[in-house]
Amino acid sequence: MAKLASTLPNMVLSLSLIAMFMAGSLGFVYLKTKDPIAEAERMKKEDAVKAVIPPFESTESLRLPSEDGDSLTITIGMTGGQPVGYAVETWSDKGFSGMIRFVVGFLPDGKISGFGGFIHKETPGLGTKMSDPKFNEQFVNKDPATFTLKVRKDGGDVDAITAATITSRAFCDGVEKAYSSYKKATEK
């Protein structure tokens, strides 16, 4: 086969064919991985819900608007038709490295039952400690109505993570959003 002359039309044709092949390849990979990725995300959320509220027989989900105009998903764990816990998917964009997402569990009496499903890009060894039980346990069995969800530096009841006060503040912000949505869900 003869070598094509290096002219503008030949270069445009070659690059166009390469681009079409690569676009087709990316589309194929996307179609093959879309469903498994969605299933993995669903399973991760389901595991987080199971980790933060007591055992349940069935669930019911609803989305409620938060104060900032976004909405949060609340999964209500039910046993015998009665709620045994509320899992609120919350977030804060005030983290040291940007957005943090996690799930907060609430018992029917309003007390925090646990945390899970952390997604963030916080500094390893510092901000990542927000998912450690040592930090989380100070919230468990506390009622946000009486437990001030601010770090001690800001007049609250939360012991901040050493050298990660910004992350601690963001975590408290996310818990506060979750609690506000929990209150709306239980008022109905």
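Q: In this predicted model, which residue forms a salt bridge with arginine 152?
A: A salt bridge asks for a side-chain nitrogen of Lys or Arg within 4 Å of a carboxyl oxygen of Asp or Glu. In this predicted model, the closest N and O atoms of the pair that includes arginine 152 are 2.5 Å apart, and the partner counts as partly exposed, at 41% relative accessibility. The residue that forms the salt bridge with arginine 152 is aspartate 159.

Q: Which pocket has aspartate 159 in its lining?
A: Aspartate 159 stands in a lining together with Lys129, Asp132, Lys134, Phe135, Gln138, Ala160, Ile161 and Thr162. By class, this lining has 3 nonpolar, 2 polar and 4 charged residues, and about 190 Å³ of space lies in the pocket that they surround.

Q: Which residue meets glutamate 89 in a salt bridge, and which parts does the pair tie together?
A: The two side chains come to 3.5 Å, taken from N to O, and the partner of glutamate 89 is lysine 45, which is partly exposed with a relative accessible area of 43%. Because lysine 45 lies in helix H1 (residues 8–52) and glutamate 89 in strand S3 (residues 82–95), the pair ties together parts that are 44 residues apart in sequence. The residue asked for is therefore lysine 45, and the parts tied together are helix H1 and strand S3.

Q: Which element gives the most residues to the lining of the largest pocket?
A: The largest pocket has a volume of about 300 Å³, and among its 17 lining residues the closest to its centre are Lys45, Glu89, Thr90, Arg101 and Phe102. The elements that give two or more residues to this lining are H1, strand S2 (71–79), S3, strand S4 (98–106) and strand S5 (112–119). With 4 residues, the element that gives the most is H1.

Q: How many residues of the lining of the largest pocket are charged?
A: Lysine and glutamate both count as charged, and Lys45 and Glu89 are among the residues closest to the centre of the largest pocket. The whole lining divides into 6 nonpolar residues, 4 polar residues and a charged group, and the number in that charged group is 7.

Q: Are lysine 177 and aspartate 173, which form a salt bridge, buried or exposed?
A: The closest N and O atoms of lysine 177 and aspartate 173 are 3.6 Å apart, and both residues lie in helix H3 (residues 165–187), 4 residues apart, about one turn of the helix. A residue counts as buried when its relative accessible area is under 20%. Lysine 177 has 11% and aspartate 173 has 18%, so lysine 177 is buried and aspartate 173 is buried.

Q: Where is alanine 163 found, and is alanine 163 buried or exposed?
A: Phi of alanine 163 is near 65°, a positive value in a residue other than glycine. Alanine 163 is found in the loop between H2 and H3, and with a relative accessible area of 64% alanine 163 is exposed.

Definitions and conventions: Residues numbered from 1 in each chain as written. Predicted model: local features only at pLDDT ≥ 70, side-chain atom pairs only at ≥ 80, totals over all residues. Heavy atoms only, no water. Buried < 20%, exposed > 50% of the residue type's maximum accessible area, 1.4 Å probe, protein only. 1 Å grid on protein atoms, 1.4 Å probe; cavity = no way out; pocket = protein on both sides within 12 Å on 5 of 7 lines; lining within 4 Å. Points joined across faces, edges and corners; volume = space filled by probe spheres on them.
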